[in-house]
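Please read the following briefing alongside the sequence and the model.

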Amino acid sequence: MKLITALVQPHRLQKVKDELFKANVTKMTMNNVHGCGQQSGYNETYRGLVHEVNLMPKVRIEIAVNENFVKPAIEAIIKGARTGKIGDGKIFITELAEVVRIRTGEKGNKAIG
Ligand SMILES: Nc1ncnc2c1ncn2[C@@H]1O[C@H](COP(=O)(O)OP(=O)(O)OP(=O)(O)O)[C@@H](O)[C@H]1O
Ligand SMILES: [Mg+2]
């Protein structure tokens, strides 16, 4: 199991969700965050404006998946989020040691999906 954490541009969120749903990835957590990458936020645009503050609005998406969904999920995120410009985002993939569904006590592959 893996935990996929993606930082994407807010205006691409709908496209990312559409692509994830097409790839049958339907469980996710999202929140609004602020961050900066290798430009330290400078020169990135948001709503058509070049921002002078260094922390740019991003959407953080967390998806826990079984191994067979890792590649499709990553491809879907890229397809939905990429514009080719700086600030398009980043995807972090980490090993996920365990998942527990609280209601039933199910664990691992049974709990994740
Ligand atoms: N090394 C990092 N650690 C934690 N968060 C990061 C890291 N790199 C990027 N981020 C997060 O990802 C968001 C998007 O990063 P961004 O797309 O600007 O990456 P980048 O490496 O600067 O690539 P690009 O040159 O395409 O802009 C940042 O605003 C920040 O929230
Ligand atoms: Mg950047």
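The structure, which is a predicted model, holds 1 cavity of 30 Å³ or more. A cavity here is a set of points, on a 1 Å grid over the protein atoms alone, where a 1.4 Å probe fits but cannot get out, whereas a pocket is an open set with protein on both sides within 12 Å along at least five of seven lines, and lining residues have an atom within 4 Å of a point. Grid points are joined across faces, edges and corners, and a volume is the space filled by probe spheres set on the points.

**The largest cavity**

- The space in the largest cavity comes to about 30 Å³, and its lining is made up of Q9, P10, E44, T45, Y46, M56, P57 and K58.
- Sorted by class, this lining has 4 nonpolar, 2 polar and 2 charged residues, where Ala, Val, Leu, Ile, Met, Phe, Trp, Tyr, Cys and Pro count as nonpolar, Asp, Glu, Lys and Arg as charged, and the others, Gly among them, as polar.
- At least two lining residues come from each of β3 (45-46) and β5 (56-65), and β5 provides the largest share, 3 residues.

**The chain as a whole**

- The protein chain has 3 helices and 6 strands; these are DSSP runs numbered from the N terminus, with helices being H or I of at least four residues and strands being E of at least two.
- Read from the N terminus on, the elements follow the order β-α-β-β-β-β-α-β-α, and the C-alpha trace spans about 50 × 25 × 20 Å along its principal axes.

- The lining of the second largest pocket divides into 2 nonpolar, 6 polar and 3 charged residues.

**Ligand 1**

- Ligand 1 sits in the largest pocket, meaning that more than half of its atoms lie within 2 Å of the grid points of that pocket.
- The ligand is surrounded by 14 residues, of which G35, Q38, G87, G89 and K90 are the closest; a residue belongs to this shell if one of its heavy atoms lies within 4 Å of the molecule.
- In the shell there are 4 nonpolar, 6 polar and 4 charged residues, and strand β6 (residues 89-95) contributes the largest share, 3 residues.
- Oxygen atoms of ligand 1 lie 3.2 Å from a backbone N or O atom of C36, 2.6 Å from one of G87 and 2.7 Å from a polar backbone atom of G89.
- Taken alone, ligand 1 exposes 620 Å², of which the protein buries 71%, with accessible areas from the Shrake-Rupley method and a 1.4 Å probe.

**How to read the values**

- Residues are numbered from 1 along each chain as its sequence is written, while chains are lettered from A and ligands numbered from 1 in the order in which they are written.
- In this predicted model local features need pLDDT of at least 70, side-chain atom pairs count only at pLDDT 80 or more, and totals for chains, interfaces and linings use all residues, while side-chain values use heavy atoms, with hydrogens and water left out.

How values were computed: A polar contact is a pair of N or O atoms within 3.5 Å; within protein, one must be able to donate a hydrogen and the other to accept it, and residues adjacent in sequence count only if both atoms are side-chain atoms.
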